[in-house]
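Here is a short report for someone meeting this structure for the first time. Look over the sequence and the model, then read on.

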Amino acid sequence: MGINLSKFFSDQGPIGSRRERLKAFFDSRRFLYPFFIVSTCLFLIGLALSFYQIFHLTTEYSFNQFLPKNHNLLLEDKKIRKTFLLSDKSSLVYVLHTDTEQGWLNPEKYSWLKAKTEKLKDLKNVKNVFTFQSLQNAIEKKNDLLIGSPFDESPPATWPELALSNPLISPQLLTADFKSTLLLIEPSSSQTLALEKLQEQISEKLQAKDVTASLGGALAAQNRLSTILGQELKIFLILSVIIFCLVFLFLFSSPSALFLIVFTLLFTNMFHLAWLSTFRIPLNVLLSTLPVINSISVMSLIIHSLHLWTQKKSEARPSIASSFSILKELFLPNLLGTLTTSIGFIALWGAQIPIIQQYAWIIAISVVISWALAQWILLYAFTAFTYLQKPPQMRKWFDRPAYWNFFAVKYNRPIFFSILGLTIVAAFFFPRLNFDSQLYSDLPKQDIVSRTNQWLDQHMGGTVSYELVLIAPRKEFWLTPEKIQALRNVQTEIRKIPSIGGVYSPSEFLPQNLPKKKAAISELFFLYSMSPEDPTRQYINPSADRIRLSIKFKDLPTDQLQLAQAQIDQQLTSTFPEVKIQKGGAAVYAHEINQKVSRKLVFGFWESIILIGTLLVLTFRSLRWALVACIPNAIAPILMIAGLAITKTPIKPSIALIFSISLGLAFNNTVYFLSRLKSLVETKQLHFLPLRRALSLEGNPCLFETFVMLAGFSIFLISQFQVNKLFGVLMVLSICLGFVGDMIFLPALLKFFPQLLLSKSKILPIHTETSSNLRPIGAWLAFFIFISGSPAKATQLTAKEILTKTRTQIEASDEFAQVKMTIIEANGDKKVRELLLKARQQGDKASTLVKIMKPADVKGMGLLSLIENGSEKHWIYLPQSKQVRRVVGSQTQSGVLGSELSAADMNSEILKGAKAKLLSSTKPDQFQIEVSPAKGAQFTKAILTISNQFLPQKIEYFSQNQLKKTVLFKGYSQHGAIWRPKEIQIRNHLNKRGTDLILSHQKVNQGLKDSEFSQSALKDDL
């Protein structure tokens, strides 16, 4: 049985009579009571949840957000980073300045910086801290070999010479006057709130009377932009409500109209921000436009709906029946206007950039949701307005017929030809578009982080990386002195290019007077590998057929950087014609990708027109009407492109996407005007186009809707972001051009060519009846996890007894073995060395001597380690100079020969832990024991897995409950009463490196003497 609304709500009498009819209607249709009650409850619940959830919204900004996934240039950059073990994470860059004499090379300031660095490492969100003091080096000094920081073991008087002679220190980490230095802090988490808290802690620890600290770098810029985004979101939300309320009061009167717009804007905006927060979608620089775009969409719907409602009210007393009728009449035009706007954003999906794709579907969905919520709110509002003493009333200027644009019909020929001619001329400017932009131009120029980055560009070598990998045709190519010298000559020429801030390669780690033999150069690189963090590994691969040339550019426009890159490529190819060049770094992928993406977005507005045109074909059921709707909306993008080309405005992806956005919004006026025109022709069965009538009815709503959009997008003009300001300017301009196309060019076109719509066309009615069958679908998914465990095996042995039995199985006074050592880097690269090993243990004294047999370039090199009463001493034999050097410095306790094998792994000292506790084991044939070492150890505890034959199977080293290293022992063989593993696998879980050892020709307890572990024995063959 249908509902005849007019039967119950056609009363034109006093309010009391209408209330009686309302009661009678609800009494006869009791099912509506639950509907209105449920709807009201949902409103209130949604409002409360939105208000709660909005406070959990986060913001995010990243330069990589505008880069497509799996792009070839990005994949090449990842390969470079993997090959040379470069971190993918950015660091906070602090510029520390002091005016003290000798600056940071003053012993007092040097000690202050070193102490602060250690304290900063203890902060919760700090993964690593790096300064010029952290740079590792290998320096021959008299009879010693210094491994570690060159400053720690040298007198202060020599520090200036050390700093200036090392290009990795000056000017990259320390200015030439030593007054400014960089403090690099790699955080564990890059989330905005975590970084803000970390920055506060760092600033507090760096406070000093004669020290100033300023924050810069890409990560700081991103975090600063993210913070500003959160601030601007609040401003945009408040301003959009205020401005749109003023605009609404300019068009309509009465407090009820103001309440309607305030409530609708607040509710819809809060709803959208709340669902972003619920799905943990952070707000980025593009999504900061969401409140304005949503407010514009809602204002458009309400203006058109309320305009028609006030018109109907002036003709007859409003009733609930007329309210339903108005929403039904505007249902399709409002839906079409919403869908065209949504399609304008959906067209951005083709950009293949995550942030733009996310922006596209979020705004597209939000616009449709806003339409649904506005329809719902208007249903309540129109019902309430029926019973108000002072319902909303249009202002006089808004209610008058729109005669102002009749000139478009009167002067249709000159208007048509002038706009058409201007559009054709504009198309010739397309090739002049400027896609040359800077990377860090989004941050406000006066911001402290922006000023710091500018300072870094001028004084510390630049901020934009350009990575070149020179791939040689054979191994050890880059170990020859001739190639290294040629590389140095090329670097000298590259540094002369004005846009270059710094050039770095493996040659920086070699002395100015290069050795004459390849083996000597190989030997020098080997010395660096003995440091815990081998600095040369980031510049040369183990087989020495690839080197990394790291170049720092200043943040300059794309064309200048590309010109410099071409000069560099020419110099490299002319010097090394046999070498292939692999390219990476932000100077390559960021600029090139931005250009390609920007071009696609600028000229992609045709895709939006095609999508919207297809929708209009289905809606109007006429290809002619759809094509006519598309013609005026192509004018604005073409003129906009010409304007950008003439002004040479740099175009980035965040600017290029305005073409699809503005196109979707511009179609609103087209849809309302053509829908009105179509309705008039259909209703009165006319054989001509009633252009004046349609213009008089829709002119003012379209004019004021345009005014609303202009007011909304003008909010961006106060943004701190240059990109948002430019976005606002271009959107305002595009909306004005779109209005000219829809309300001036289109009427002139139809007056000049009426046959575009009338000839051979039978206008079909627009069906506005809709039906919906909502079938709630609910599904519950449950996960049941049951963990069962078996009790630990019973044993009568204590932890100490097990360790004692284990020691008797493996402890020997001396041993000999041939060892194949495979060092596995974090990226999977492997470096194989063959060694001869001697070891001797007497009480608290342990001696180890290692000789390298392969590879050939380091054959004969030897290492001697003596450990006594916890004190370590190391010597190394260099066969090229035939000299023995003592290894000293702060980093002598690194792995053996640059591996993850430590002295502790080669003896049974861990079995003598201060405390031992037997743990339960899941396997019946093994024991697990937790050992706490004596003070001074490099780990806080170790868990030993020992077989029931009392042989170690695995050792897990922990530092503050974090797994640090794992050592596996496999394939035991017996040598008399002593057992030895044939294979040892070591994995460092912190730096992701590993070492595999395969032992053969093992001999135990052969009676080795002290003389076999001396400096002179290093020179002998084993």
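## A helix pair: H15 and H23

Ile 419, Leu 422, Thr 423, Ala 426 and Ala 427 in H15 touch Ile 635, Ile 638, Leu 639 and Ala 642 in H23. Contact here means heavy atoms within 4.5 Å. The residues of this contact divide into eight nonpolar, one polar and no charged. Ala, Val, Leu, Ile, Met, Phe, Trp, Tyr, Cys and Pro count as nonpolar; Asp, Glu, Lys and Arg count as charged; the others, Gly among them, count as polar.

Two packed helices are described by the angle between their axes and the distance between the axes. Helix H15 spans residues 412-427 and helix H23 spans residues 635-647; their axes come within 8 Å and cross at roughly 45°. The axes are lines fitted to C-alpha atoms, for helices over the stretch in contact, with angles from 0 to 180 degrees between N-to-C directions. H15 and H23 are therefore oblique to each other. Angles under 35 degrees count as roughly parallel, over 145 as roughly antiparallel, 65 to 115 as roughly perpendicular, and the rest as oblique. The crossing of H15 and H23 is left-handed. That term applies if the near helix is turned anticlockwise from the far one by less than a right angle; clockwise makes a crossing right-handed.

## The model and the whole chain

This is a predicted model, in which local features need pLDDT of at least 70 and side-chain atom pairs count only at pLDDT 80 or more, while totals for chains, interfaces and linings use all residues. Residues are numbered from 1 along each chain as its sequence is written, and side-chain values use heavy atoms, leaving out hydrogens and water.

The protein chain holds 30 helices and 25 strands. These are DSSP runs numbered from the N terminus: helices are H or I with at least four residues, strands are E with at least two. Of the 1022 residues, 55% count as buried. Buried means under 20% relative accessible area, exposed means over 50%, and partly exposed lies in between, with a 1.4 Å probe and protein chains only. Among contacts between residues at least 6 apart in sequence, 72% join residues at least 24 apart.

Helix H19 covers residues 558-575, and helix H20 covers residues 586-602. Their axes come within 11 Å and cross at roughly 130°. H19 and H20 are therefore oblique to each other. Their crossing is left-handed. On the H19 side, the contact is made by Thr 558, Leu 561, Gln 562 and Gln 565; on the H20 side, by Ala 587, Val 588, His 591 and Gln 595. These residues divide into three nonpolar, five polar and no charged.

## Buried residues in helices

Leu 233 lies in helix H8, residues 218-251. Leu 233 counts as buried at 8% relative accessibility. Setting aside residues up to four places away in sequence, Leu 233 touches Leu 57, Leu 273, Leu 283 and Pro 291. Leu 233 and Leu 283 are 50 residues apart in sequence, yet 8.8 Å apart in space, C-alpha to C-alpha.

Glu 698 sits in helix H26, residues 691-713. Glu 698 counts as buried at 6% relative accessibility. Not counting residues up to four places away in sequence, Glu 698 touches His 304, Tyr 672, Phe 673, Arg 676 and Met 743. Ser 675 is 23 residues from Glu 698 in sequence and 9.8 Å away, C-alpha to C-alpha.

## Residues in loops

Glu 825 lies in the loop between strand S13 (814-824) and strand S14 (830-842). Glu 825 is buried, with a relative accessible area of 5%. Leaving out residues up to four places away in sequence, Glu 825 touches Leu 85, Arg 537, Lys 831, Lys 992 and Arg 993. Lys 992 is itself in a loop, between strand S24 (978-988) and strand S25 (994-1004). Is Lys 992 buried or exposed? Lys 992 is exposed, at 57% relative accessible area. Phi of Lys 992 is near 65°, a positive value in a residue other than glycine.

Phe 178 also has phi near 65°, positive in a residue other than glycine. Phe 178 is in the loop between helix H6 (159-165) and strand S5 (180-187). Phe 178 is buried, with a relative accessible area of 11%. Elsewhere, a cis peptide bond joins Lys 854 and Pro 855, with omega about 5°. Pro 855 is in the loop between strand S15 (845-854) and strand S16 (862-868).
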